Amino acid sequence: MSLPLELCCPACRGPLAAWGVGAVCQACDRRYPGDRGYLDFLPELGAAAGDGLGPRLMHSRALARVYERVWRPIFIAAASGGLPDYRAEFELVLSALATAEGGAVVDLSCGPGFTGRRLAESGRFERVFGLDWSLAMLARAAADNRGLMRLVRGDVGHLPFKTGSIAGAHAGAAFHMWPDPSAAVAEVARVLRPGGGFVASTFAYTRGLRRKFEAMLSQVGQFHVFEADQLRGMLSAHGLVDFDSERRGSLIFFWARRAGAPAA
Ligand SMILES: C[S@@+](CC[C@H](N)C(=O)[O-])C[C@H]1O[C@@H](n2cnc3c(N)ncnc32)[C@H](O)[C@@H]1O
């Protein structure tokens, strides 16, 4: 299978060439296997990645099996204080990625891949990548993929994409799990083309009594909870502008675009 032109070596950003069903970096000679339905840019990491209970759970095969239908809806309901409405969430993602139509988009931390598959099925994008670092999540994503996404195993802190090659990026319910969200945003900003859209959802503190619940959730699950202004500041520090957001309880959906105009 040919290699998508957006990909590069995440270690040295050198160009890649096909190596069997995988890829080899033509600059540093690192080899990335591709025989499990995804290109593995973290072959040296094995199954271990992530610190803290919440992040570690994402590497469990049992969780990956029930994530979309059980785990996620329960978490979204608890965080938003209402019934989960994935259809509305997906519409919001699609509209935030309107400027990416015709280009390559990436579903960052795609988990078992349900949003990335829907983005591909929408027919609006030239190519859809699904990226995650969990072997368990990617095994599910690969099993259900039906050739829709180009799946890659990678770390959001070292994206395997060329600078300015990606038209839009989505990160659903993942920001709080990332070990270094600011470093990941820097990477998102690097790979987005000028004008490219970024849309994400995560947990953010509300006011009043609920704050205590949010702080407890963050301690027990060992993941981040953000202040809304902190997210705006983080994105703008890395050149992502026109920040906007929508709240549903402790959930925040936010979007921005890389500064600059798209090439004509
Ligand atoms: C709660 S799940 C979100 C899955 C899906 N995007 C959704 O909308 O529900 C968080 C995902 O982030 C992934 N993840 C956490 N840290 C990551 C990192 N540094 N690089 C890539 N993926 C990461 C986990 O493996 C997990 O699949």
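Colleague: How many of the 11 residues of helix H6 are buried?

Modeller: Buried means under 20% relative accessible area, exposed over 50%, and partly exposed in between, with a 1.4 Å probe and protein chains only. Eight of the 11 residues of H6 are buried, so this helix is largely enclosed by the rest of the structure. The model is predicted: local features need pLDDT of at least 70, side-chain atom pairs count only at pLDDT 80 or more, and totals for chains, interfaces and linings use all residues. Residues are numbered from 1 along each chain as its sequence is written, and side-chain values use heavy atoms, with hydrogens and water left out.

Colleague: Which residues of H6 are buried, and what covers them?

Modeller: Helices (H or I, at least four residues) and strands (E, at least two) are DSSP runs, numbered from the N terminus. The buried residues of H6 are Pro181, Ala184, Val185, Glu187, Val188, Ala189, Arg190 and Val191. Contact means heavy atoms within 4.5 Å. The cover over these residues includes S5, S8, S9 and H8, together with strand S10 (240-248) and strand S11 (251-258).

Colleague: How many aromatic pairs does the structure hold?

Modeller: Rings of Phe, Tyr and Trp (its six-membered ring) pair if their centres lie within 6.5 Å; planes under 30 degrees apart count as stacked, over 60 as edge-to-face and the rest as tilted. The structure holds 13 such pairs. In one of them, the ring centres of Phe203 and Phe223 are 5.3 Å apart and the planes stand at 25°, so the pair is stacked. This pair links distant parts of the chain, 20 residues apart: Phe203 is in strand S9 (residues 192-203), while Phe223 is in the loop between helix H7 (210-221) and helix H8 (228-237). Phe203 counts as buried at 6% relative accessibility, and Phe223 is buried as well, at 8%.

Colleague: Which residues form one aromatic cluster?

Modeller: Phe175, Trp178, Phe198, Phe226, Phe243 and Phe254 form one aromatic cluster.

Colleague: Which residue lies over the face of Tyr205, and which has its charged end over the ring of Phe253?

Modeller: A charge sits over a ring if NZ of Lys or CZ of Arg is within 6 Å of the ring centre and within 35 degrees of the ring normal. Arg211 lies over the face of Tyr205, 4.5 Å from the ring centre. Over the ring of Phe253 sits the charged end of Arg248, at 4.5 Å from the centre.

Colleague: At roughly what angle do the axes of helix H2 and helix H4 cross?

Modeller: Axes are lines fitted to C-alpha atoms, for helices over the stretch in contact, and angles run from 0 to 180 degrees between N-to-C directions. The axes of H2 (residues 61-80) and H4 (residues 114-121) come within 11 Å and cross at roughly 115°. That makes H2 roughly perpendicular to H4; angles under 35 degrees count as roughly parallel, over 145 as roughly antiparallel, 65 to 115 as roughly perpendicular and the rest as oblique.

Colleague: Which residues in H2 meet which residues in H4?

Modeller: Tyr67, Glu68 and Arg72 in H2 meet Phe114, Arg117 and Arg118 in H4. By class, this contact of H2 with H4 has two nonpolar, no polar and four charged residues. Here Ala, Val, Leu, Ile, Met, Phe, Trp, Tyr, Cys and Pro count as nonpolar, Asp, Glu, Lys and Arg as charged, and the others, Gly among them, as polar.

Colleague: Is Glu68 buried, exposed or partly exposed, and what is Glu68 in contact with?

Modeller: Glu68 is partly exposed, with a relative accessible area of 24%. Leaving aside neighbours within four places in sequence, Glu68 is in contact with Pro73, Phe114, Arg117 and Arg118. Glu68 and Gly111 are 43 residues apart in sequence, and their C-alpha atoms are 8.7 Å apart in space. Gly111 lies in the loop between strand S5 (104-108) and H4 and counts as buried at 8% relative accessibility. Not counting residues up to four places away in sequence, Gly111 touches Asp132, Met137 and Ala141.

Colleague: Where are Arg146 and Ala173 found?

Modeller: Arg146 has a positive phi of about 50° although it is not a glycine, and Ala173 likewise has a positive phi of about 50° without being a glycine. Arg146 is in the loop between helix H5 (135-143) and strand S7 (150-153), and counts as exposed at 60% relative accessibility. Ala173 is in the loop between strand S8 (166-171) and helix H6 (181-191), and is buried, with a relative accessible area of 19%.
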